[in-house]
Amino acid sequence: MVDVPGTLPERLYLLAYDTRRKRVTARSNLGLMMRAGILAELLLRGDLADATGGPVAKRPAVADPLLDGALQQIAASRRRTWQHWVSKGSGAAVRQVRDRLEEGGWIRVEHRRLLGLIPMADVTVRDSRVPRQLAATVSAAVRGARPLSRLEPRDAALAALAATVRLKTVLPRAEWRAGRGRSEELAQVVAPVPWALNKAIQAAAAAAAAA
């Protein structure tokens, strides 16, 4: 068994990595995915709870800095929807997760400027077995290899979030559609985060189309 990072946002980032093309995919939704991963991780750990109108913080802070920022935002705010918190800070979330993975030795990041002006970051996964292992885990979960009660909750949550985006690094679109019922079952583990991620993606797409 290949070691994988401990948190959902880190696993989601690596899951979006195409080992054949050696690049991160789903870039238009990557920030929303990272924020959904952070919220789902906090929910799984019991640091957040679902309440009427949105999440509530169960404690004022946690030791993990990747998770603590989002928790403190929620703790300090009036009640807002899950969709709001998925969208909030989604741009910064990509950099935060990427930096964590680089510090942990999971990826290598090379910085450059496109046309000498636009900052770019080329990401390379150091061990391609890691995203392949994650993709195999998610694929098995979506295909229903084991009942939900026998799945590790973090694996079920990862599969539910990947299904929301229909990550092509895991399954082709037709298989995601065929596994829709199972994906909805998996989503119950971290409900309502996958639903909020879907709404945030739709809202971002509508805003882009109207611009």
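L114 is found in strand 5 (residues 107-114). Strands (E, at least two residues) and helices (H or I, at least four) are DSSP runs, numbered from the N terminus. The model is predicted: local features need pLDDT of at least 70, side-chain atom pairs count only at pLDDT 80 or more, and totals for chains, interfaces and linings use all residues. Residues are numbered from 1 along each chain as its sequence is written, and side-chain values use heavy atoms, without hydrogens and water.

L114 has a relative accessible area of 35% and is therefore partly exposed, a class lying between buried (under 20%) and exposed (over 50%; 1.4 Å probe, protein chains only). With L115, L117, I118 and M120, L114 makes a nonpolar surface patch of about 510 Å². Patch residues have over 30% relative accessible area and no salt bridge, and nonpolar side chains (Val, Leu, Ile, Met, Phe, Trp, Tyr) are joined within 5 Å.

Helix 1 (residues 8-15) is mostly covered, with eight of its eight residues buried. Among them are Y13 and L15. Beyond four places in sequence, L15 is in contact (heavy atoms within 4.5 Å) with residues including P131, V138 and L167.

R98 lies in helix 5 (residues 90-103). R98 is buried yet has no salt bridge, defined as a Lys or Arg side-chain nitrogen within 4 Å of an Asp or Glu carboxyl oxygen. The nearest side chain of opposite charge, D99, is 4.0 Å away. Lys and Arg count as positive, Asp and Glu as negative; His and the chain ends are not counted. Outside four places in sequence, contacts of R98 include Y13 and H111.

How values were computed:
Patch = residues over 30% accessible without salt bridge, like charges linked within 9 Å, V, L, I, M, F, W, Y side chains within 5 Å. Areas by Shrake-Rupley, 256 points an atom, 1.4 Å probe, with all protein chains shown as cover.
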